[in-house]
Structure formats: C-alpha cells, structure tokens
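Here is a brisk report on a two-chain complex. Keep the structure open while you read.

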Amino acid sequence: MQIKLVIGEKVDLIEINNNNTVKDLLKNMDIAPETVVVKKNNCIVIDEELVEDGDLIEVIQVIYGG
Amino acid sequence: MNSCDKCGNPNIIIKKKQSGQKLCKDCFIKSTQNKVIKDIRKYKLIKKGDKILLGLSGGKDSVMLLDILNSLRKRNIIDIIAVTIDEGIHGYREEGVEIAVRNAKKLGVEHRVVKFKDYFGITLDEIIAKNTLKDGRRNACTYCGVFRRWIFNKVAREEGATKIATGHNLDDETQSIVMSYLEGNIHNLTRIGPKSEIKNKKFTIKIKPLREIPEKEIGLYVIAKELEVHFAGCPYAIESFRGEIKDFIKQLSNEHPTIMYSTLRGFDKIKTILKKEFSNKSIVMECEKCGEPSAAQLCKVCSFLESWKK
C-alpha cells in the first residue's frame with residue numbers, strides 16, 4: 001500500500017507493508033519516536049496508530065541533537 | 001481500548017510512558033497548563049505584581065512558557081517583558097527572532113530584541129571564527145551562556161523586572177545534574193533548581209516554570225496548540241558536552257522512561273545538604289570594567305573580551 005510522507009519540506013509517496021504502525025514506520029526510517037510528533041491526516045496520533053493505504057503522514061521533529 | 005483517561009475521547013495524542021496516562025488533545029493541553037501553574041505555586045516562583053522578563057528565543061520551550069504565563073498576565077497577576085537575544089548565529093537565529101517577534105505581537109506582550117553585537121561589539125559567529133579549539137578556546141555554548149546571562153541580568157534591571165523566566169525543561173535540568181556530577185562540579189550542582197537565590201542586589205531571581213515538563217511534551221503542546229515555533233537545532237550544539245549527555249539520557253529513557261523524573265527527584269532531595277556543605281561563600285563584588293556583579297575583579301564577560309584584545 002502507498003502513503004504520502006511529509007518530513008519537513010520533503011514530500012514522498014512511499015510503499016509500506018500492511019498493518020504497519022507509526023512506530024514501525026519511524027523504525028524503518030531510523031527516526032527516534034521520542035524526538036518527533038506525528039500527524040496522520042492532519043491529526044496528532046500516538047506511536048501505536050495503524051497506518052493505512054492513502055494516509056497522509058507528517059513527521060515533525062521537535063527535539064534536536066545537542 | 002485507547003481513549004482519554006479524563007474525558008473518554010477516543011482520539012488520544014499521548015500515552016505517557018512514565019505513567020501510562022492517555023490524553024486527548026484538549027485534556028493534554030489543560031493538564032500541562034495546570035501542571036505548570038501548580039509548580040509555580042509549589043515552588044513560589046511568581047508572586048502577584050511581579051514583572052517577568054521572559055527569555056523568548058522563538059523555540060518551543062519559550063513559546064510555550066509565553067503562552068502559559070500570558071494567562072497570568074491577562075488576569076493582571078503579572079506583567080511580562082519578552083526579551084530575545086540575537087547572538088549573531090547566521091542562518092539560524094534570524095528565523096527564531098522573527099517568530100519571537102510575531103508571538104509577542106500576537107499576544108500584545110512588550111518585546112525587545114537585544115544583540116551581542118550591540119552590547120559586546122562582537123557576534124558569536126565572530127568569536128568562534130577568530131578563535132579555534134586548538135588555540136584553547138572554549139566551546140561555543142560556554143561563551144553563549146556567559147554572555148546571555150550577563151545580558152538578561154542587565155536588561156532585567158533596565159526594565160525593572162523582578163524575575164527572569166526561562167524555558168528550561170525536564171530534559172535540560174536532568175542534563176545539568178548529570179553533567180555537573182560527571183564533571184565533579186559540585187558547586188554548579190548547588191545552583192540547579194526551580195528558582196535562584198540572589199547574593200547581590202544587582203542579580204535578578206531566575207525561575208524555571210517548565211522544569212518538570214519533558215521536552216517531548218513541550219513539542220507536543222506547541223503543535224497541539226498550533227503555536228508558531230522555530231524548530232531547528234543550534235549549529236554550535238554539536239560542540240557541547242551537553243549534547244553527548246543529552247543523547248546518553250535519551251537512550252537510557254527508551255528502556256527506563258522514568259529516569260529523568262527519578263534523577264530530578266533524587267537530586268532535589270539531596271540539594272539542601274549539598275548547598276549546606278558546598279555552596280560557594282565567595283563575596284560577590286562588582287566588575288571593575290562593566291560594574292556587573294562578579295566573583296573576581298573582572299566578570300567573565302569582560303575577562304573574555306579583554307583576552308581577545310591581546
């Protein structure tokens with residue numbers, strides 16, 4: 001299935017497996033969940049949220065290194 | 001079933017690892033505001049009639065602090081002057097300053113932007129460009145911290161502020177405790193806390209109302225409230241020991257989500273004894289060059305500035 005992924009100004013259409021959660025998605029991208037807030041279809045969601053076909057996922061980095 | 005523990009709303013935005021509490025957007029915002037106000041009362045950080053100098057960088061911590069303290073201003077409990085320090089970090093600070101200006105304007109809060117260049121004749125970029133680590137210069141955060149404290153203290157007196165409020169959060173405070181301990185700097189440990197003590201009438205009391213709020217929750221708060229915030233990392237942060245400690249504590253927190261709270265609670269319990277045994281009893285005098293309070297003939301700012309003249 002396909003989702004639209006927004007990280008900062010970067011927008012990508014990516015293929016992901018069924019039954020993936022936000023946490024799985026972040027893990028695949030090597031992003032620490034503790035450093036970001038994630039929106040699904042413009043609403044803030046928790047890590048356990050399921051990602052579904054056609055979703056718009058926005059990853060907002062709120063904690064920076066150092 | 002994931003639903004808000006307070007109102008039952010199925011759209012939760014946080015499941016706190018440390019407590020398991022689940023909250024929807026509205027209940028999270030309200031509970032965070034209540035926690036900050038409760039801490040302000042608990043630690044007696046603010047009293048009616050205070051004029052608060054609020055350090056407003058435009059980042060998430062200071063914007064959230066402004067949002068919450070403004071509720072006290074609107075109820076005529078306090079007055080606020082927001083102060084943004086422009087250290088002169090090209091490509092980073094400009095956007096933060098613009099966002100700070102817009103946040104203060106939106107709330108109708110008095111605001112000043114003060115520059116390193118105007119007070120010291122030099123920007124942080126120039127300091128770092130002129131001196132290399134090989135030549136024995138300190139890391140950028142050391143200069144920045146010393147210069148910022150000097151400016152806040154001076155501007156607080158210029159503006160008649162009774163308190164200086166900063167957006168230090170739980171992560172910052174835990175890092176400070178661990179750093180000071182690992183460096184063996186027990187004197188620094190005695191100065192960590194929600195409220196500073198003044199040893200000289202030229203010092204203004206510093207308060208940290210967000211000291212018990214985790215950094216991640218501050219990020220969540222500003223996004224949930226749709227506040228305009230400068231999300232970016234300082235380019236000089238990579239030089240700092242604090243950065244290493246931050247990564248270390250973050251890593252530990254993944255498996256031990258209460259570790260920052262326990263570090264803070266444990267420290268707060270031993271702080272009284274630490275202060276009794278290790279508090280610096282040195283006399284605070286006035287810097288012979290700038291007149292600001294100092295532990296030596298020259299304050300740290302003037303000492304740095306003089307060393308660069310040689």
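## Confidence

Chain B has an average pLDDT of 93, and 98% of its residues score at least 70. This is a predicted model. For the complex, the predictor gives an ipTM of 0.95 and a pTM of 0.94.

## The sheet of chain A

Chain A holds an open sheet of 5 strands. Their order is β2-β1-β5-β3-β4, and the pairing is mixed. The edge strands are β2 (10-15) and β4 (43-45) of chain A, and each of them pairs on one side only. From one strand to the next, the twist averages 30°.

Take the pairings one at a time. Strand β1 (residues 2-7) of chain A pairs with β5(A) in the parallel sense, over 4 bridges. There, A:Val6 has A:Glu58 of β5(A) as its bridge partner. A:Val38 has its bridge partner in β5(A), namely A:Val59. Strand β3 (residues 36-40) of chain A is also joined to β4(A), by 3 bridges, and again the two run antiparallel. In that pairing, A:Lys39 stands opposite A:Ile44 of β4(A).

## The hairpin of chain B

In chain B, β1(B) pairs with strand β2 (residues 22-24) of chain B. The sense is antiparallel, over 3 bridges. B:Lys15 stands opposite B:Lys22 in β2(B). The two strands form a hairpin with 6 residues between them. In the turn, B:Gly20 has a positive phi of about 80°.

## The parallel sheet of chain B

Chain B also holds an open sheet of 5 strands, in the order β5-β4-β3-β6-β7. Here the pairing is parallel. The edge strands are β5 (110-115) and β7 (205-207) of chain B, each pairing on one side only. The twist from one strand to the next averages 30°. Strand β4 (residues 79-86) of chain B pairs with β5(B) over 6 bridges, in the parallel sense. B:Ile81 stands opposite B:Glu110 of β5(B).

Helices lie across this sheet. Helix α2 (residues 60-74) of chain B lies across β3 (51-55), β4 and β6 (163-165) of chain B. The angle of helix α2 of chain B to β3(B) is about 165°. Helix α3 (residues 93-107) of chain B lies across β4 and β5 of chain B. That helix runs at about 165° to β4(B).

## A helix crossing in chain B

How do helices α7 and α10 of chain B cross? Helix α7 (residues 170-182) of chain B and helix α10 (residues 241-255) of chain B have axes that come within 10 Å and cross at roughly 110°. The two helices are therefore roughly perpendicular to each other.

From α7(B), the contact takes in B:Asp171, B:Thr174, B:Gln175, B:Val178 and B:Met179. They meet B:Phe241, B:Arg242, B:Ile245, B:Lys246 and B:Ile249 in α10(B). By class, the residues of this contact are 5 nonpolar, 2 polar and 3 charged.

## The domains of chain B

Chain B is divided into domain 1 (33-279) and domain 2 (282-310). Taken over C-alpha atoms, the centres of these two domains are separated by 23 Å.

In the contact between them, 12 residues of domain 1 of chain B meet 8 residues of domain 2 of chain B. Helix α6 (residues 140-159) of chain B gives the most to the domain 1 side, with 6 residues. The side of domain 1 of chain B that touches domain 2 of chain B has 6 nonpolar, 2 polar and 4 charged residues.

## Where the chains meet

How many residues does each chain give to the contact? Chain B gives 25 and chain A gives 12. On the side of chain B, the elements that give two or more residues are β1 (12-15), α9 and α10 of chain B. That side has 10 nonpolar, 6 polar and 9 charged residues.

One of these elements also lies across the sheet of chain A. Helix α9 (residues 215-224) of chain B lies across β3, β4 and β5 (56-61) of chain A. Helix α9 of chain B runs at about 35° to β3(A).

Key. Residues numbered from 1 in each chain as written. Chains lettered and ligands numbered in written order. Predicted model: local features only at pLDDT ≥ 70, side-chain atom pairs only at ≥ 80, totals over all residues. Pairing = 2+ DSSP bridges. Axes fitted to C-alpha atoms, helices over the stretch in contact; angles between N-to-C directions. Contact = placed C-beta atoms within 7 Å. Parallel < 35°, antiparallel > 145°, perpendicular 65-115°, else oblique. Nonpolar A, V, L, I, M, F, W, Y, C, P; charged D, E, K, R; others polar. Domains from an automatic or database assignment. pLDDT = per-residue confidence, 0-100.
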